[in-house]
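Let's take a walk through this fold, from the sheet to the packing around it and then to a few side chains. Have the viewer open as you read.

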Amino acid sequence: MVKTKEAVELVGRIKDLLWEKKAENVVALDLRAVSESLDYFVVASATSTPHLEALGRHVQEKLEEEGLFPRPTEGQSARWVVLDYGEVVVHLMTPEAREYYDLEGFWADAERL
């Protein structure tokens, strides 16, 4: 399956931004072969709620400087921040939320990038 070059580049850029702020266990999933409506997820853990907020703010601010703005999302919480960039959706979670919702387990058949 051919990857959308721009989306894969965005996945790499987001992973770099998360590592800059010391996100933990950063994983990118290619969902196109296992979902009819989703393309890519980037999932990362934060060490605390302030770290979670800092990760989300950092990714959003840096991508806005490059002209990329996330779509509005609902249901943000102190345990899970979602940034929707269309083909690429970023899930930033506390370790407890990540373990509970287990996105990687749910999408276990997805290719890891």
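What follows is a short tour of a predicted model.

Five strands make up an open sheet, ordered 3-4-2-1-5, with mixed pairing. At the edges sit strand 3 and strand 5 (111–112), each of which pairs on one side only.

Now go through some of the pairings. Strand 3 runs antiparallel to strand 4, and six bridges hold that pairing. Here Val 82 faces His 91 of strand 4. Strand 1 and strand 2 are also antiparallel, joined by five bridges, and Val 27 has Val 43 in strand 2 as its bridge partner. The antiparallel pairing of strand 1 with strand 5 has two bridges, with Asp 30 opposite Glu 111 in strand 5. Strand 1 is mostly covered, too: of its seven residues, five are buried.

Which residues have the most contacts inside the largest nonpolar core? They are Ile 14, Leu 18, Val 42, Tyr 85, Val 88 and Leu 92, in a core of 23 residues. The elements that give two or more residues to this core are helix 1 (5–20), strand 1 (24–30), strand 2 (40–45), helix 2 (49–65), strand 3 and strand 4. Helix 1 provides the largest share, at six residues.

Another core lies apart from the largest one; it has 13 residues, including Leu 31, Met 93, Ala 97 and Trp 107.

Zoom in on His 91, which belongs to strand 4 (residues 88–93). Buried or exposed, what is His 91? His 91 counts as buried because its relative accessible area is 7%, below the 20% cut-off. Its side chain makes a polar contact of 3.1 Å with the side chain of Trp 80. Not counting residues up to four places away in sequence, His 91 also touches Phe 41, Val 42, Val 43 and Leu 103, among others.

## Aromatic pairs

How many aromatic pairs does the structure hold? There are three. One of them joins Trp 80 and Tyr 101 in a tilted arrangement, 4.8 Å centre to centre with 45° between the planes. Trp 80 is in strand 3 (residues 80–85) and Tyr 101 in helix 3 (residues 95–101), so this pair ties together parts that lie 21 residues apart in sequence. Tyr 101 is partly exposed, at 38% relative accessibility. Ring pairs also bring in Tyr 100, making a cluster of Trp 80, Tyr 100 and Tyr 101.

Then there are Phe 106 and Trp 107. Their ring centres are 5.1 Å apart and their planes are at 85°, so the pair counts as edge-to-face. Phe 106 is exposed at 63% relative accessibility, whereas Trp 107 is buried at 15%.

Conventions: Residues numbered from 1 in each chain as written. Predicted model: local features only at pLDDT ≥ 70, side-chain atom pairs only at ≥ 80, totals over all residues. Heavy atoms only, no water. Helix = DSSP H or I, 4+ residues; strand = E, 2+ residues; numbered from the N terminus. Buried < 20%, exposed > 50% of the residue type's maximum accessible area, 1.4 Å probe, protein only. Polar contact = N/O pair within 3.5 Å; in protein donor to acceptor, adjacent residues only side chain to side chain. Contact = heavy atoms within 4.5 Å. Phe/Tyr/Trp six-rings, centres within 6.5 Å; stacked < 30°, edge-to-face > 60°. Core = buried A, V, L, I, M, F, W, Y, C linked by side-chain atoms within 4.5 Å. Pairing = 2+ DSSP bridges.
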